[in-house]
Amino acid sequence: MSRLVVAKNTAWILLDNVVSLALSFVVTMLVARYLGPEQFGLFSYAFATASIFAIVGHLGLDGLVVREFKLRPEENETILGTVFTLKLVAYAVAAAALMLYAFLAHAGDPTAITLFGFAALMILFSSTGALNAWFQARSENLYPSMSSIVSKVVMAVLKLGAIAMAGGVVLFAAANAVGAAIAFASTYAFFRWRGGLSILKWKSSGREARRLMGEGALLFLAAAFTTIYLKIGQVMLQWMSTPDALGNYAVAALLSETIYILPIAITTAVFPYLIHSYNRSTAEFDQHLQLLFDLLVILGFLGILGVVFVADPIIDIVFGQEYDRVYRLLSILSLAIPFMFLRAALNRWIVITRLSGINVVIQAIGAVLNIGLGFLLIPRFGAEGAAVATVVSYGFATYGALMFSSQTRPLFVAMSKSLLQPWAALYRLWRFGRSYSERRNSV
């Protein structure tokens, strides 16, 4: 795959993420100020809980399916139909389980139950993963990116309309569900336009399902544990702290998570290229992986600096005095940014090398560590304790734990080169860029 193709795909994914970042910040600011910490905390808690339940639909297949589409293009319809069926059933189970939790945990609270209802609808419309993988395998990321942009713009307009109408918190949840439905419909429309078969002609194979589920099981468990230690803080604060603390933490967590779209965009764009590199030469793959680590770490450190030196006055002006704890919480959470960025690359490495077993153990320990630290720190330090628990668990699960296995220790060494010697990382990136420019000029 040419670097030009990678660059074009990266550009489209970055455009999607820049739009998402801008809309997310503006809309979050307006919605958070309008609802106030207590109502915004309830809204965020409902969708954070939904994210934990929705991991059932991940099934460990997203990155795996990209690889299968590339390796077996003649069986695309069977792969697509099988994965779509599996995900649809899994998301339906997740939505039903979420509503059961809502009725049990919030009996007598119609507002909370309605919020969970719209979150469940959003889960049901999340079955586009198979279509997105089909586009990724064809290096046509612009189409899912365009679908994402359209859905997010519509979602933002609906939320702004809810504010103009002085609507309640339920309207904002409804906007999320509508946005998910539009994303699904537009992605499928682009799929058909690019020559994909009608959904009625997709094939579903029980044998293919068993094979994919068997290989994806460990990836699924790892993704589940990752989601738990990213989202469990808000759920624990709902039950162990005050509504004000939950609302402030929800804003800080949302702001920190918006930064994560950048490494996802980069690693998604270069993933097919990494697969080719891995199949060609181990040395070439290791070199490209090191450069990817270097880039992500440098961007992560820049993210920390941006939060520390820029965020405070902006947060104070944008969110107001009701959210006076957001900067402190965001400063703590920002320490996890380099590890969040590296995690995106680590996920791709795991899919390519098929070393899912170790990853499950690492992520399980990270989830248990976050929950344990949460029980220890939240009663005493509130939202700040939840933030510290998230940073420690993320750093361990993404980086520290890699030193304990001979299979992942080379990754620990490579990440250490980037994390502990950022100047050397900058030099490697500069040297690679210069070499690439020289080769282009010599052609």
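# A tour of the helices and ring pairs

Both F40 and F43 are buried. Select them to start. This is a predicted model, so colour it by confidence before moving on.

**Stop 1: the F40–F43 pair.** Both residues belong to helix α1 (residues 3-54). They sit three residues apart, about one turn of the helix. Eleven aromatic pairs are counted in the model. In the F40–F43 pair the ring centres are 6.2 Å apart and the planes meet at 35 degrees; that angle falls between the 30 and 60 degree cut-offs, so the pair is tilted.

**Stop 2: F84 and F184.** Now select these two. Their ring centres lie 6.3 Å apart, with the planes at 35 degrees, so this pair is tilted. Here the pair joins distant parts of the chain. F84 is in helix α3 (residues 76-105) and F184 is in helix α7 (residues 169-193), 100 residues apart. F184 comes to 22%, so it counts as partly exposed.

**Stop 3: a ring cluster.** Select Y45, F53, Y101 and F116. Ring pairs link these residues into a cluster.

**Stop 4: α10 against α11.** Show helix α10 (residues 261-280) and helix α11 (residues 282-319). At what angle do they pack? The angle is about 170 degrees, and the axes are 9 Å apart. Angles over 145 degrees count as roughly antiparallel, so that word describes α10 and α11. Next, display the side chains at the contact. On the α10 side, the residues include L262, P263, I266, V270, Y273 and L274. They belong to a set that meets α11 residues, among them F285, H288, L292, L295, L296 and L299. R280 in α10 and E284 in α11 are also on the contact list.

**Stop 5: helix α15.** Go to residues 383-398. Helix α15 has 16 residues, and at 1.5 Å a residue it should span 22 Å. Its end C-alpha atoms are 23 Å apart, which agrees. How many of its residues are buried? The count is 13 of 16, so α15 is mostly covered, taking buried as under 20% relative accessible area.

**Last stop: confidence.** Return to the whole chain. Its mean pLDDT is 81, and 88% of its residues reach 70 or more.

Key
Residues numbered from 1 in each chain as written. Predicted model: local features only at pLDDT ≥ 70, side-chain atom pairs only at ≥ 80, totals over all residues. Heavy atoms only, no water. Helix = DSSP H or I, 4+ residues; strand = E, 2+ residues; numbered from the N terminus. Expected span 1.5 Å × (residues − 1). Buried < 20%, exposed > 50% of the residue type's maximum accessible area, 1.4 Å probe, protein only. pLDDT = per-residue confidence, 0-100. Phe/Tyr/Trp six-rings, centres within 6.5 Å; stacked < 30°, edge-to-face > 60°. Axes fitted to C-alpha atoms, helices over the stretch in contact; angles between N-to-C directions. Parallel < 35°, antiparallel > 145°, perpendicular 65-115°, else oblique. Contact = heavy atoms within 4.5 Å.
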